[in-house]
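Dear colleague,

I am passing on the structure below, and my notes on what was found in it follow directly after.

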Amino acid sequence: HYVDHAMFLIQTPDALSMVTDYSGFLGPEDYVPDVVTMNRAHGTHWTPSPDPRIPNVLTGWNPDGPGPIEHYLELGDVLIRNVATDIRSGFGGGVAPDGNSIFVFEAEGLCIGHLGHLHHEPTPEQFAAIGRLDVVMAPVDGGMTLDLPSMISVLQRLRSSVVIPMHWFGRGTLDRFLAGMRGEFDVVDTGLREITLSLHRLPARPQVLVLEPGRLD
């Protein structure tokens, strides 16, 4: 379920629930997920005061100081892990090492990746750590995160079966991304807020699936 901006609700058949880049408000429904992940490039990707009822809050940065944070959380049949990346810092072109995390959710035979607030193309070592992603949520604003040609290059290299664009500001931004993806990927504008995927129902040809954001109600 595409909630808003970079927030997705991922649910398994066993009712385990995970929210990506959690900013604190999912909608009027009083919903408490089992896991939230957060990144801190901007305030729309995290909150300093997550709901205390959430049992697992995973930050994409190391709150204890320099160096990457490392997550390897097993909950039932679900594994959640991360790959740290750098982010830009301030307006002087500085870099905050390990300030973002690509989170990977392994569930029901699927590998689902959320690129967070990605600011640079992953290194070969980071691509290797990410591994094969069947589904990937990618920021496609083309400016605040990675520029569009570089983002498209990353997605072409990942070659996931399903790409779900996020972090787009208006239809013009989204359409520029979709135009760059056509050819190697089929583009499907679903008009929906949520989809159901399984390993055996993935498309034979890679697809970009456009979801419409919508809060939980």
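How far apart are the mean positions of the positive and negative charges of the protein? They lie 7 Å apart, for 14 positive and 27 negative charges, where Lys and Arg count as positive and Asp and Glu as negative, with His and the chain ends not counted, and where the place of a charge is NZ of Lys, CZ of Arg, CG of Asp or CD of Glu.

Please note that this is a predicted model, in which local features need pLDDT of at least 70 and side-chain atom pairs count only at pLDDT 80 or more, while totals for chains, interfaces and linings use all residues. Residues are numbered from 1 along each chain as its sequence is written, and side-chain values use heavy atoms, without hydrogens and water.

The protein holds three helices and 13 strands (DSSP runs, H or I of at least four residues for helices and E of at least two for strands, numbered from the N terminus). Of its 217 residues, 52% are buried, meaning under 20% relative accessible area with a 1.4 Å probe, protein chains only. Among contacts (heavy atoms within 4.5 Å) with a separation of 6 or more, 52% are between residues 24 or more positions apart.

Strand β10, residues 135–139, is mostly covered, with five of its five residues buried: V135, M137 and P139 point one way, and V136 and A138 the other. In a regular strand, side chains alternate between the two faces of the sheet. Strand β9, residues 110–114, runs parallel to β10 and is joined to it by three bridges (pairing requires at least two DSSP bridges), and G113 stands opposite V136 in β10.

With best regards

Terms used
Buried means under 20% relative accessible area, exposed over 50%, partly exposed in between (1.4 Å probe, protein chains only).
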